[in-house]
Protein chains: 2
Amino acid sequence: MKNSSISRRRFLQASGAAAIWIPTSARGYTSQEMRDFYANGEMSVNVSKWELDTPALCVDLDLLEGNLDKMASTMSTNGIASRPHAKTHKCPTIAHMQMDRGSVGICTAKVSEAEAMFLSGIDQILNTTGNVTPTKINRAMNLAQQCPGFIQATDSQPNARLLSEAAVAKGIIADVVVDVDPGIRRTGTPFGQSALQLAQLVDQLPGLRFRGMLCYDAAAQHVVGFQTRKAQTLERMVQATDTFNLMNASGLNTEIFSGGGTGTYNIDHDTVGMTDVQVGSYVFMDAQYMSIGGEQDAEVYSDFATSLTVMTTVLNDQYEGRATSDAGAKACTINQPWPIIKGESGMTYRSGSDEFGTILYGDDPSRNYKVGEKLEVIVSHCDPVVNLYDQMYAIRGDVVEAVWPISARGMSA
Amino acid sequence: MKNSSISRRRFLQASGAAAIWIPTSARGYTSQEMRDFYANGEMSVNVSKWELDTPALCVDLDLLEGNLDKMASTMSTNGIASRPHAKTHKCPTIAHMQMDRGSVGICTAKVSEAEAMFLSGIDQILNTTGNVTPTKINRAMNLAQQCPGFIQATDSQPNARLLSEAAVAKGIIADVVVDVDPGIRRTGTPFGQSALQLAQLVDQLPGLRFRGMLCYDAAAQHVVGFQTRKAQTLERMVQATDTFNLMNASGLNTEIFSGGGTGTYNIDHDTVGMTDVQVGSYVFMDAQYMSIGGEQDAEVYSDFATSLTVMTTVLNDQYEGRATSDAGAKACTINQPWPIIKGESGMTYRSGSDEFGTILYGDDPSRNYKVGEKLEVIVSHCDPVVNLYDQMYAIRGDVVEAVWPISARGMSA
């Protein structure tokens, strides 16, 4: 029973002596069993996270709530709102936690994601990606019809006309924001006159109501070094402010100027006119964000805690200097920096194989894993990792408190 | 109506004049609508693939069937069986097509995948990954109890003892193969005496029936250049043959010696003793396999056709030299080589953004995409891409013939 005694030690270390111990060798719960417990109101069984079948996506509730609270208080202090991006978590429970802390709404990247959020009771939704096909325009306008708090982005005049036609056909007036490109040439219309003319067209079209603009600088979020990131962001957003001012000066209703993200959450309030920040990853954090450095902590971006992990089990320990686990690319993606083993040092993790993770020991590893032992890795890039799972385990201390459906998992359409 | 006229041209080019044309501007079908059509026996509506909501995972039936037929005839000619790996397609329909063409069974990478295949009527399953926790050992033995054709791999003596205890507790004798490491130190026990002793233990344990060994050389599959790949594979597998002979000489029942894959399917029959090849990717192919080169075609590994694509829609065409589409990392993964745009030249595709694809035009692109137009990309690496989708569209010519559930999608546990 070597495995269970080691797991027991780990368990007690992490959770304190009062925790309930369920020995690994005696039990363990599949994802279906955990889902059923939760659906049937039986979470009182006090399942330890170490009893979860793996790979399992886990969120530490204390850390998650701390991240949510810190973002809410920072936004409040800075006099700007948050409109968190649900593309990160795809989880209505977390969206509700964000709304409960004063967010003005959520963002979604795809109309299917917006539909899933609306079905789960979220009624303030800004869909940041344009819908350009008849199918998707129809879906977006159906949602607008059912959800008065739904706002759709557009980035071209032909698209605005199609949206308006669809809205008129349904007998509604749909809320629209203009997507302005911050200079990365991905989506959005250019700064200045192009954006102004599109805004004016939206304002004039019979089926649409102009609500403002969004300008999301994706390229700014992972700039390494706080001062560099700040300088680049504020310089680039000057043109967004100028565009916003053009709209204002022309008499348009410019109540929304949305942009920014987790990397610039404490910078964006310095962009003149910006009304809300589309923060996403701050709820979970990940190895990519950790590596960009923060204002106080240049080494690690530690403003928010790494609440999201993948729990994995060691499958093979027979070979010198390494061990093989059950969480590979299909459980962790191949994003880099690679996942980080939580609470250990002197070892690295690779998830390059589709089905297997590799633990590589350095000269002085903090431990050596045996077959059957479990470990947690901080994920590389939270958004696509969450998108691989149907449910996440919400854990307090070491006890599973809830099983949250990731309702918008796979909703890339 | 520029969009629909261009789509019409593409449609007619690809499918011939007799095909039924449904204009893009008139209709389009969501994934839910397509699923419902199929469930209700209404595929007679003859939906064109160009009407699918995107991103959509598409498989060309003529190409898929050609791949299946070619593999079956090659195996037959070479006097070796196939035991295709379902980790690639996770789709029971394709598993049945493989069994119908004479495969001796399928492989699965995870017990949850095996459960999904069994529930869909597949009853010859070799689970190639060891199960080491009580939860998973229990699941595997439950499956063995229900499915007499289930075979579980093991790679250590302690694990074999646990499997046997669980089998005895259920009153069954479970079929087991020994996983032998080909030298990549990921899973498996080393060649030679270690493997022999494990095989002998399995043979002696009261709950287990020894069926043979597997030795999957993952590292060999993507070696560039056929002759290099062949030489490396056969050299490394000499020790697998020696190990197999040791087992034979000791009087064990060595009916299974499974290994190999798509990259070595026409090499593995030269490994003395090998009984079946665990081919996976040949059903779909992908950019990674295309790049390794084949025996006849050194440039492109063209032994099998690229039947799998992701259909995507252009969202933005406003910026010089590029366009943005709706299939990014969450629809295509970030595996490289990057996806390849089907039927076009002078342009490349990037799926590095979570939500967006980027089409980059070279000096002489074969066309320029407009907003709303659709294109297909050959996927980078088929296994993890399939794992992102709940369903795939089975397409004949340009008409959607079926909607296949990817029943084991997300089953990494």
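Me: Which residue does A:Arg322 stand opposite in strand 14 of chain A?
Reply: A:Arg322 faces A:Leu360 there. Keep in mind that this is a predicted model.

Me: And how do strand 11 and strand 14 of chain A pair, parallel or antiparallel?
Reply: Antiparallel, over four bridges, with strand 14 covering residues 357–361.

Me: What about strand 10 and strand 11 of chain A, how many bridges there?
Reply: Two bridges, in the antiparallel sense; strand 10 spans residues 308–316 and strand 11 spans residues 322–325. In that pairing A:Asn316 stands opposite A:Thr324.

Me: How many residues sit between them in the hairpin?
Reply: Five residues lie between strand 10 and strand 11 of chain A. In the turn, A:Gly321 has a positive phi of about 80°.

Me: Switching to domains. Which ranges does the assignment give for chain A?
Reply: Domain 1 is 2–61 + 302–405, and domain 2 is 66–286. The C-alpha centres of these two domains of chain A lie 35 Å apart.

Me: OK, now the two chains. How many residues are in contact?
Reply: 53 residues of chain B are in contact with 54 residues of chain A. Elements giving two or more residues to the chain B side include helix 6 (134–146), strand 10 (308–316) and helix 12 (382–386) of chain B.

Me: Which element gives the largest share on the chain B side?
Reply: Helix 6 of chain B, with four residues. By type, the chain B side that touches chain A has 16 nonpolar, 23 polar and 14 charged residues.

Me: Last topic, the core. Which residues have the most contacts inside the largest nonpolar one?
Reply: A:Met213, A:Tyr393, B:Met213 and B:Tyr393, in a core of 228 residues.

Me: What does A:Met213 touch?
Reply: Leaving out residues up to four places away in sequence, its partners include A:Val177, A:Val178, A:Val180, A:Phe244, A:Met247, A:Ile256 and A:Phe257. A:Thr243 is one of them too.

Key. Residues are numbered from 1 along each chain as its sequence is written. Chains are lettered from A and ligands numbered from 1 in the order in which they are written. This is a predicted model: local features need pLDDT of at least 70, side-chain atom pairs count only at pLDDT 80 or more; totals for chains, interfaces and linings use all residues. A nonpolar core is a set of buried Ala, Val, Leu, Ile, Met, Phe, Trp, Tyr and Cys residues joined through C-beta atoms within 7 Å. A residue is buried if 20 or more other C-beta atoms lie within 10 Å of its own, exposed if 12 or fewer, and partly exposed in between; C-beta atoms are placed from the backbone. Two residues are in contact if their C-beta atoms, placed from the backbone, lie within 7 Å. Domain bounds come from an automatic or database domain assignment. Ala, Val, Leu, Ile, Met, Phe, Trp, Tyr, Cys and Pro count as nonpolar, Asp, Glu, Lys and Arg as charged, and the others, Gly among them, as polar. Two strands pair if DSSP finds at least two bridges between them.
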